Each structure stands twice: as C-alpha cells, then as structure tokens.
Amino acid sequence: MDTDNRVLRTKFGDRLLHWTMVSCFFLVAMSGLSWFFPSLHWLGSVLGPPQLARILHPFLGVAVFVLLMCMFVRFVHHNMPVRTDAVWFRHVLDVLLNRHGQKLQIGKYNAGQKILFWGIMALISALFVTGLVIWRAYFAMYFPIPVIRLALLAHSAAALALILLVLGHIYMGLWVRGSITGMITGYVSRAWARQHHDRWYAEEVAPEDTTPVKPHS
C-alpha cells in the first residue's frame, strides 16, 4: 500500500462494526425472504433447518438492530443535514453519471448517503418494534391477533424497503471506484478524498497533510 498517498477514512473498529452488521443482516434478510417468497424457500437454509432458522432469525434481527444503533451513535454527527447538501442535490445527475468537474462541498458523507443513513435507521427501528410484537416465543401472547397481523404486514413491508435500500447502497459502493476498498482497508487515496468529499478533505485531511498529491487513477 502506498501510505504516502493514502488517508485513513474509516477506523478498524468502525469497519469491524460495519462488516459484522452486514454479515448478520445478510443471514436475517435471506431467511426472511425465504418465508415471504415461497419460490425462494432455499434461501432459508443459510440458517439451517426451518425450525432452527425461525429460532435464530429474531435473535439475529436484534443483533442487527443493536449494531446499527452503535453505528448511529458513531456516525450520526456526520449525517446531520447542512446547507451545502443543497449543492449535491443540484448536481445529483452529475453524481449519478460519475462526473466530477464541480466542487460539491461534500463533508464526510454526501446528501445521498445521509438520506440512506436516516432511511436505514428508521426502517430498522420499525423492524425492531414490529418484530417484538410478532415474536411468538416471548411477546406475541401480549398482543391481540389484529395487532399481530398489522405488525406482521408492517414488518414485511419495512424489511423489503430496507433490503432495497441496502441494494442501492451496494450498487453505489460498486459504482464509485475506491469506495469498497476504503471500507475493507480503511484507506482511500488523497485524490479520491478530494474528488468525492472535498469539504471533508479540506477541513480534516489537508491541514495535517504535507505530502504531494498524486493523480487519482
């Protein structure tokens, strides 16, 4: 790794938190989809036999919720709306087409990432609450049948919406070259940081940076 041309964007603890949550979410989402869509019943095997999957699914769901709440505490201050987010919205087409001729005054996360952050947090909260209501082994007996049915419907809708958001997150991570590497190693090139998060680079990276900039490949 060319450490002279790279800056730390995501610390090891934050990366570990992220990838642990991703692993748990993958197992929960696969098992949930297997019950919602009968044609995908084979996905449920990621958690073993059907009986075991139904036991593990809610526990892993709670784990996802707890991990995301930890991420909320860690990253919420970077995801608060700021006035310069309007610049990103005005140039959203250029962003989607991967054109970077304009300085967009982007902090550590852009406006699209902030929307994703708050959407994920809202949906996981809805999933947690509705999941408790329909958790037959521990909580369902305290609620009337109509409430359980409504909670099951809301749980399914929120789960599908969250899966779609996560798929969009994955797509954008693959679309912007260097993003996935940054979440694996924690490092991005200084040129990448200046190009995609210019305000973050200027405020937090550049003041401590004394090495010459190399072109972003």
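The paragraphs below go from the fold as a whole to individual residues.

The model shown here is a predicted one, and its secondary structure comes to 9 helices and 2 strands. Read from the N terminus, the elements follow the order β-α-α-α-α-α-α-α-β-α-α. The C-alpha trace spans about 65 × 35 × 30 Å along its principal axes, and of the 217 residues 39% count as buried. When contacts between residues at least 6 apart in sequence are considered, 69% of them join residues at least 24 apart. The accessible surface comes to about 13,100 Å², with 70% of this area belonging to carbon and sulfur atoms.

We can turn next to the interior. In soluble globular proteins, nonpolar side chains tend to be buried together. The largest nonpolar core of this model has 31 residues, and those with the most contacts inside it are Met 21, Phe 25, Val 64, Leu 68, Met 71, Ile 124 and Leu 162. Four helices each supply at least two residues of this core, namely helix 1 (12-36), helix 2 (50-75), helix 5 (111-134) and helix 6 (145-175).

Val 205 leads on to helix 9, where Asp 198, Trp 200, Tyr 201 and Val 205 are buried. Seen down the axis of helix 9, these buried residues fall within an arc of 160°, and therefore they line one face of the helix. What they pack against is strand 1 (6-8) together with helix 8 (190-196). Helix 9 (residues 198-205) also holds both Arg 199 and Glu 203, which lie 4 residues apart, about one turn of the helix. The side chains of Arg 199 and Glu 203 meet in a salt bridge, at 3.7 Å from N to O, and Arg 199 counts as partly exposed, at 22% relative accessibility.

How many salt bridges does the structure hold? There are 3 salt bridges in the structure, and the other pairs can be taken in turn. Asp 14 forms a salt bridge with Arg 74, and the closest N and O atoms of the pair are 2.8 Å apart. Because Asp 14 lies in helix 1 and Arg 74 in helix 2, the pair ties together parts that are 60 residues apart in sequence. Asp 14 is buried, with a relative accessible area of 8%, whereas Arg 74 is partly exposed, with a relative accessible area of 37%. Lys 114 forms a salt bridge with Asp 85, the closest N and O atoms here being 3.1 Å apart. Since Lys 114 belongs to helix 5 and Asp 85 to helix 3 (residues 85-90), this pair ties together parts that are 29 residues apart in sequence. Lys 114 counts as buried, at 5% relative accessibility, and Asp 85 is buried too, with a relative accessible area of 11%.

The surface also carries nonpolar side chains. A nonpolar patch of about 950 Å² is made by Leu 52, Ile 55, Leu 56, Phe 59, Tyr 138, Phe 139, Met 141, Tyr 142, Phe 143 and Val 147. Helix 2 gives the most to this patch, with 4 residues. Tyr 138, for its part, lies in the loop between helix 5 and helix 6, and Tyr 138 is partly exposed, with a relative accessible area of 45%.

Ala 126 is in helix 5 and is partly exposed, with a relative accessible area of 31%. The C-alpha atoms of Ala 126 and Ala 157 are separated by 9.9 Å, while the two residues are 31 residues apart along the chain. Leu 150 is found in helix 6 and counts as exposed, at 60% relative accessibility. From C-alpha to C-alpha, Leu 150 and Arg 83 are 39 Å apart in space, and in sequence they are 67 residues apart.

Terms used: Residues are numbered from 1 along each chain as its sequence is written. This is a predicted model: local features need pLDDT of at least 70, side-chain atom pairs count only at pLDDT 80 or more; totals for chains, interfaces and linings use all residues. Side-chain values use heavy atoms; hydrogens and water are left out. A nonpolar core is a set of buried Ala, Val, Leu, Ile, Met, Phe, Trp, Tyr and Cys residues joined through side-chain atoms within 4.5 Å. Buried means under 20% relative accessible area, exposed over 50%, partly exposed in between (1.4 Å probe, protein chains only). Patches are made of residues with over 30% relative accessible area and no salt bridge: like charges are joined within 9 Å, nonpolar side chains (Val, Leu, Ile, Met, Phe, Trp, Tyr) within 5 Å. Accessible areas come from the Shrake-Rupley method with a 1.4 Å probe; for residues, only the protein chains shown count as cover. A salt bridge is a side-chain nitrogen of Lys or Arg within 4 Å of a carboxyl oxygen of Asp or Glu. The arc is that of the directions from the helix axis to the C-beta atoms. Contact means heavy atoms within 4.5 Å.
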